[in-house]
Amino acid sequence: LTTMVSPKKRPWTASASSGSGGIDCSNTSGGGYGGTPILVVKILLVLLILFLLPRLVTTSAAAAAAAAEPITGTRPTGRGRRIKNRKQLNRQYYSIRSSCENGSSECADVVLEESVPCVTRCISSACHDRVYGDSPLEPGEVDRLRYAEFEVCAKKEAKEAARLERIERRRKASGGAVM
């Protein structure tokens, strides 16, 4: 902020005689503005804040509302897609496991605590042979480490099956052309 004051006429001067050692705010020249530049700057800042505050509030409120409601018609990308795919794969795996444990499979008659070998064989015989083939579980034995390894294998197998199914659907939709 600049003022149009000649070098000889200054409405405020630095005074060494004042007790605070600061700026003497008295109008010593008889002309000029009669107020302090600090007060003018403060008033202008307050006016600027009051002028811009409604825009800042409405902008942040609109941004918060936009972030809260999902955009429809778009596909998730990046991390969102990976999370969605992982959740879908977990639902698919647990659905298969549930149908093997409770459904009309050969494992429905086996006691739940002793059904791990039967259920894993029902879910994926290839993964069961890969994980438990060398040393099969005893009835009632629980091996969480190998079961976690089995889950990873079975989920990879399900993921690959879903990928092949998607490719087949796309091929049928495009009229049999190979992609």
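How many residues does helix α2 have, and how far does helix α2 reach from its first C-alpha to its last? Helix α2 (residues 79–102) has 24 residues and reaches 34 Å. That is close to the 34 Å expected at 1.5 Å a residue. The expected span is 1.5 Å times one less than the number of residues in the helix.

This is a predicted model, in which local features need pLDDT of at least 70, side-chain atom pairs count only at pLDDT 80 or more, and totals for chains, interfaces and linings use all residues. Residues are numbered from 1 along each chain as its sequence is written, and side-chain values use heavy atoms, with hydrogens and water left out.

## The chain as a whole

The chain has five helices and two strands. Read from the N terminus, the order is β-β-α-α-α-α-α. Helices (H or I, at least four residues) and strands (E, at least two) are DSSP runs, numbered from the N terminus.

The chain has 179 residues, and 16% of them count as buried. Buried means under 20% relative accessible area, exposed means over 50%, and partly exposed lies in between (1.4 Å probe, protein chains only). The chain exposes about 13900 Å², with carbon and sulfur atoms supplying 58% of that area. Accessible areas come from the Shrake-Rupley method with a 1.4 Å probe; for residues, only the protein chains shown count as cover.

Take the contacts in the chain with a separation of 6 or more: residues 24 or more positions apart account for 37% of them. Contact means heavy atoms within 4.5 Å.

## A nonpolar patch

Helix α1 covers residues 37–68, and L44 is found there. L44 is partly exposed because its relative accessible area is 44%. L44 belongs to a nonpolar surface patch with L39, V40, I43, V46, L47 and L50. Together these residues have about 630 Å² of accessible area. Patches are made of residues with over 30% relative accessible area and no salt bridge; like charges are joined within 9 Å, and nonpolar side chains (Val, Leu, Ile, Met, Phe, Trp, Tyr) within 5 Å.

## Helices α2 and α5

Which residues of α2 are buried? They are L89, Y93 and C100. Their cover includes α3 (116–123) and α5 (144–173).

Helix α5 has 30 residues, so at 1.5 Å a residue it should span 44 Å. Its end C-alpha atoms are 43 Å apart, which agrees. The buried residues of α5 are R146, Y147, F150, E151, C153, A154, K155 and A158. What covers them includes α2, α3 and α4. Just after α5, G175 takes a positive phi of about 90°.

## Salt bridges

How many salt bridges does the structure hold? There are five. A salt bridge is a side-chain nitrogen of Lys or Arg within 4 Å of a carboxyl oxygen of Asp or Glu. Three of them are set out here.

| Salt bridge | Closest N to O distance |
|---|---|
| E101 and R97 | 3.7 Å |
| E160 and R163 | 2.6 Å |

E101 and R97 are four residues apart in helix α2, so about one helical turn separates them. E101 is partly exposed at 24% relative accessible area. R97 is also partly exposed, at 22%.

E160 and R163 sit three residues apart in helix α5, so they too are separated by about one helical turn. E160 has a relative accessible area of 35% and is partly exposed. R163 counts as partly exposed at 35%.

R146 lies in helix α5. Is R146 buried or exposed? R146 is buried, because its relative accessible area is 14%. Leaving aside neighbours within four places in sequence, R146 is in contact with V131, Y132, S135, P136, L137 and E141.

H128 lies in helix α4 (residues 125–132). H128 is buried, because its relative accessible area is 8%. The side chain of H128 makes a polar contact with the side chain of R121 at 3.4 Å. Beyond neighbours within four places in sequence, H128 is in contact with P117, T120, R121, G133 and F150.

Definitions and conventions:
A polar contact is a pair of N or O atoms within 3.5 Å; within protein, one must be able to donate a hydrogen and the other to accept it, and residues adjacent in sequence count only if both atoms are side-chain atoms.
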